[in-house]
Amino acid sequence: MTVYRSLLLGCGPRARNHAEVYPDIPNMELVAACDLDEERLNAFTQTHGIPQGFTDYETALAEVQPDIVHVVTQPSNRVWEAQITADAGVKAAIIEKPIAILPSDILGLQKVRDESGMEMMVNCQRRYFPQFRDGTIREIMNNEIGDVYLIRASTKGNLMSMGPHTMDLLLQILGDVAPEAVWAMAYGIDETGYKAHHRAPEHTFAEYWFPGDIRVLFDCDTEALGTPGEQSFWMHLHFDILGTKGRIYVTQNADWWYQTEGMAEPVWGVSSWDKQQNDGQRDFTAAVAEWLDTGKPHLNRFETARLVFDTLVGALQSAYEGKRIKLPHDFTDEQWNEQRGGLKSADAG
Ligand SMILES: NC(=O)c1ccc[n+]([C@@H]2O[C@H](COP(=O)([O-])OP(=O)(O)OC[C@H]3O[C@@H](n4cnc5c(N)ncnc54)[C@H](O)[C@@H]3O)[C@@H](O)[C@H]2O)c1
């Protein structure tokens with residue numbers, strides 16, 4: 001059995017979830033961590049029993065020569081991080097969401113991948129929760145509820161914080177097909193705290209047209225309806241899937257159910273962030289080693305992550321142009337910066 005050696009970059013709060021799954025994956029070993037902040041690094045390596053620690057990423061790559069790297073940093077330097085990781089001969093990079101912020105970032109990452117062959121798995125780990133990974137919800141959608149005509153997708157975090165998770169699951173349920181068009185509106189921007197890195201409109205509402213006459217109402221907004229009754233801001237990740245003969249109702253942390261014509265009672269399934277996040281992160285991580293061993297495609301490979309990002313950016317472009325646009329988008333960094341200025345000066349109302 002090949003045991004893959006991993007290096008983790010960035011020892012902030014999110015890194016804990018990455019490190020904690022290692023004891024449960026026999027063919028992967030977390031051999032080193034790196035953080036600019038030495039105190040944070042030392043506390044992290046001690047807590048998780050990681051043998052080596054570094055404060056300089058390039059030194060860490062040169063000395064450790066890992067097979068796999070976890071990039072668990074804020075999304076400000078993704079292209080630089082990917083480039084030097086690929087240059088060091090790393091086979092696979094697990095990159096936290098969002099994979100990019102600017103339209104040019106995703107093109108830069110595509111170039112790194114094409115030139116190096118390094119695969120990039122984006123850490124939208126919910127794809128490995130059983131109801132999504134095993135296709136349960138997708139199969140019910142395809143086979144039980146008639147023709148799907150409308151999906152309401154809703155979350156309270158902005159387009160670059162909760163948007164990537166919500167769009168990721170939406171596209172997975174729809175079979176990773178690209179939408180044909182989008183019409184979106186947006187207002188306000190808050191660039192304090194984590195939003196200084198996850199830059200996006202505070203309020204975005206988009207209507208997407210998917211193949212098969214499926215409309216998606218995508219609500220990514222601090223004022224979003226989200227999951228009725230949900231009290232926790234980050235737990236609002238919600239889908240209402242409406243078909244001609246039934247309906248599927250999916251929440252992030254309060255289960256999912258479906259009901260079709262003639263059924264007296266809905267059928268329920270588990271959807272629980274609290275119960276599923278650790279196993280989902282473990283299975284997501286183990287699937288990277290499986291991809292290296294067998295070539296089995298990872299559910300969060302770059303190709304799917306890029307479609308998620310480009311679908312979100314399409315909403316930005318539509319809001320910028322103030323009209324429905326055909327996809328794929330051709331939005332530029334300059335247009336996004338101009339839009340940011342406008343969002344800053346707009347009265348949130
Ligand atoms: N997948 C999920 O469910 C989920 C949940 C929460 C957060 N996240 C994502 O995780 C990412 C990280 O979040 P966080 O809260 O841990 O961030 P953080 O800013 O608290 O931690 C990042 C760490 O990376 C270090 N770092 C940055 N650049 C470095 C470099 N060049 N060399 C060495 N160290 C460097 C920083 O010093 C910092 O300690 C974000 O993109 C966030 O969106 C994902």
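At what angle do helix α8 and α10 pack, and how far apart are their axes? Read on to the first legend for that one; every view here comes from a predicted model.

**View 1. Helix α8 packs against α10.** Here's the answer: α8, residues 163–173, meets α10 at an angle of about 115°, and 9 Å lies between the two axes. The crossing is right-handed. From the α8 side come G163, P164, M167, D168 and L171, and they meet T304, L307, V308, T311 and L312 in α10. Sort the residues of this contact by class and you get six nonpolar, three polar and one charged.

**View 2. Six strands form an open sheet.** Walk across the sheet and the order reads β3-β2-β1-β4-β5-β6, with parallel pairing. At the edges sit β3 (52–54) and β6 (119–122), each of which pairs on one side only. From one strand to the next, the twist averages 25°.

**View 3. Strands β4 and β5 pair in the parallel sense.** Zooming in on this pair, β4 covers residues 68–71 and β5 covers residues 92–95, with four bridges between them. For a landmark, look for I68, which stands opposite A92 in β5.

**View 4. Helix α9 lies across the sheet strands β1, β2, β4, β5 and β6.** This helix spans residues 273–294. Among the strands it lies across, β1 takes in 4–9 and β2 takes in 28–34. Relative to β5, α9 runs at about 160°.

**View 5. Domain 1 touches domain 2.** Both domains are built from two stretches of chain: 4–126 + 277–307 for domain 1, and 129–273 + 324–340 for domain 2. Taken over C-alpha atoms, their centres are 26 Å apart. Domain 1 puts 16 residues into the contact, and domain 2 puts in 19 residues. On the domain 1 side, the elements giving two or more residues are α5 (103–116), α9 and α10 (302–321). That side of domain 1 has eight nonpolar, six polar and two charged residues.

**View 6. A shell of 21 residues lies around the ligand.** Which of them come nearest? Those are G10, G12, R14, T73 and E96. As for the make-up of the shell, nine residues are nonpolar, six are polar and six are charged.

Key. Residues are numbered from 1 along each chain as its sequence is written. This is a predicted model: local features need pLDDT of at least 70, side-chain atom pairs count only at pLDDT 80 or more; totals for chains, interfaces and linings use all residues. A residue is near a molecule or strand if its C-beta atom, placed from the backbone, lies within 6 Å of it. Ala, Val, Leu, Ile, Met, Phe, Trp, Tyr, Cys and Pro count as nonpolar, Asp, Glu, Lys and Arg as charged, and the others, Gly among them, as polar. Two strands pair if DSSP finds at least two bridges between them. Axes are lines fitted to C-alpha atoms, for helices over the stretch in contact, and angles run from 0 to 180 degrees between N-to-C directions. Two residues are in contact if their C-beta atoms, placed from the backbone, lie within 7 Å. Domain bounds come from an automatic or database domain assignment. A crossing is left-handed if the near helix is turned anticlockwise from the far one by less than a right angle, and right-handed if clockwise.
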